[in-house]
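This report treats aromatic pairs, helix packing and backbone geometry in turn. Please consult the sequence and the model alongside the text.

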Amino acid sequence: MRSAVDDTLERVTSVTVVAGLAMLAVFGMVFAIARATEGITSDAATLHSADEVLRSATVVRAQLTIGVHAGTVDAEFGTDSTEVISLAVAETEQAMADVSAGLSELGAIDGVETLVPLVRDFTEAVNDAANALSAGDYSAAQTFNEDNLESAHAALVGGLVGIRDRLRESVDRSDQLLGLVGTIAGFLVAVLIPSAVILVYRALMRRQARQTFLESRLEAEQHLSRAREEFVANASHELRTPLTSITGLALLLEEDRAIASNEILSELVGLIADESTDLSRMVEDMLTTARLDVGALSFQFEDVSAESIVGDVVESMRASSVEVMVDCRPGTVRCDPARLRQIVRNLVSNACKYGDGGVWVWGAVESRTYVLEVVDRGPGVPAEIEDRLFQRFVHRGCETATSSSVGLGLSIVRSLADGMGGTVTYHRRDGETCFSVRLPLGRSGPSAQDVVVSGDARASRLPLPEVVA
């Protein structure tokens, strides 16, 4: 079965291929137009040079003919056309210079090599006729003009006309190609632009529809999430009352002499107390998580004695037959006492389950923080989950990383420590598992309580009333 990702990739690939082909077509047309334009320009310049050579060659023949005619009239009638003959010779020389310049501009086009002997014959005929005119030998000049110059001129003109015709045909072909490319470009533009507009509009509409769908789905999920969180919060509150009663009654029963004297009954009552304590802790974790999700978890800060908090928590857990050794130096921390108790209780409870021979709680002041460490000799956390140890519902295989829990304890420890301006870390040291909590030291002198509400990874100071945990 094809997935939505495969369909999306196929659509993206198709659009990319079509766009690439369209771009190649556009670039090809631009290149063809440029080449055709360049060819037309080059051929037109060469054609102009060929026309200039033809014109100059015709001027040479005409000027020499005028000079020969004027000299012949002078010889027959005794007139003096020296000035006319000199001007004709000068014009001939200038026109021959133009012929040479035009031939050099023709370059190396096809057929230009056939002009070399023709130009040589034409130049020799022109020089012979011009020299005879300059020497006053009009009869010889007329002979050179009629016998040599006319045939050489006709041959040169024929060669130039052939080259000119080929150049004109090349210009016509380039012009036709340019027209064809222009027609194709116009057609593609007329088709591609509307098609592109339609495709873009269709993509935008689909994106807008997708965005609307995602927004509605997000709103539904947010509504469902709020309902779930409200349910968890309400259920947690409803469970705490009977759990408190069960725990209290179990402790009272443990103190009863009749039950204490009966080993089986004492063990059963102790089991009830232990299980109710664990269940109470789970309910507290679920309630804290629900409050964190909706940003309604509040912190009431005050200066408290860290060793007193740790002692109270450990003492309450010792009542449940948990052996914990405490070595906490005096220190005052700025925190929410209830939340600090929850941190210590979760860490000590976790260590007791994996302690494998004892649990130690150590605390001391370091720099401007109070460091609290919970250490056990258990095997530690598997390497594959170390980087996500403080996330919710972290699993090891098919079980939660912490047995007899819902997988929220360590994530709550991290959230509570962050909310009180502290940190929590995990590491192995000399074969021991260690969780370290750092909290800021308390402020000296009397101070009012500050209430901070956590939400969206931010803490804002608000004058909220005291929240009962």
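Three aromatic pairs are present in the structure; rings of Phe, Tyr and Trp (its six-membered ring) count as a pair if their centres lie within 6.5 Å, with planes under 30 degrees apart called stacked, over 60 edge-to-face and the rest tilted. The model is a predicted one, in which local features need pLDDT of at least 70 and side-chain atom pairs count only at pLDDT 80 or more, while totals for chains, interfaces and linings use all residues. Residues are numbered from 1 along each chain as its sequence is written, and side-chain values use heavy atoms, with hydrogens and water left out.

**Aromatic pairs**

Two of the pairs are set out below.

| Pair | Arrangement | Centre to centre | Angle between planes |
|---|---|---|---|
| Phe 299 and Phe 301 | stacked | 6.1 Å | 25 degrees |
| Phe 390 and Phe 435 | edge-to-face | 6.2 Å | 90 degrees |

The pair of Phe 390 and Phe 435 links distant parts of the chain, 45 residues apart. Phe 390 lies in the loop between β5 (369–376) and β6 (395–396), and Phe 435 in strand β9 (residues 432–440). Helices (H or I, at least four residues) and strands (E, at least two) are DSSP runs, numbered from the N terminus. Ring pairs also join Phe 390, Tyr 426 and Phe 435 into a cluster.

Burial is assigned by relative accessible area: under 20% is buried, over 50% exposed, and in between partly exposed (1.4 Å probe, protein chains only). Phe 299 is buried at 0%, and Phe 301 is buried at 7%. Phe 390, with 14%, is buried, as is Phe 435, with 3%.

**Helix packing**

Helix α2 (residues 82–106) and helix α3 (residues 115–135) have axes that come within 10 Å and cross at roughly 165 degrees. The two helices are therefore roughly antiparallel, a label for angles over 145 degrees, whereas under 35 is roughly parallel, 65 to 115 roughly perpendicular and the rest oblique. Axes are lines fitted to C-alpha atoms, for helices over the stretch in contact, and angles run from 0 to 180 degrees between N-to-C directions. The crossing of α2 and α3 is left-handed, meaning that the near helix is turned anticlockwise from the far one by less than a right angle; clockwise would be right-handed.

Contacts (heavy atoms within 4.5 Å) involve Ile 85, Val 89 and Met 96 of α2, among others, and residues of α3 including Leu 115, Val 119 and Phe 122.

Helix α8 (residues 337–354) packs with helix α9 (residues 409–419) at an angle of about 150 degrees, with axes 9 Å apart. This crossing of α8 and α9 is also left-handed. From α8, Arg 339, Gln 342, Ile 343, Asn 346 and Leu 347 take part, meeting α9 residues that include Leu 410, Ile 412 and Val 413.

Helix α9 is mostly covered, with eight of its eleven residues buried. Among them are Ser 411, Leu 416 and Gly 419.

**Positive phi values**

Just after α9, Gly 421 has a positive phi of about 80 degrees. Ser 367, which is not a glycine, has a positive phi of about 55 degrees; Ser 367 is in the loop between β4 (359–366) and β5 and is exposed at 72% relative accessibility. Asp 430, likewise a residue other than glycine, has a positive phi near 55 degrees. Asp 430 lies in the loop between β8 (423–429) and β9, where the residue is exposed with a relative accessible area of 76%.
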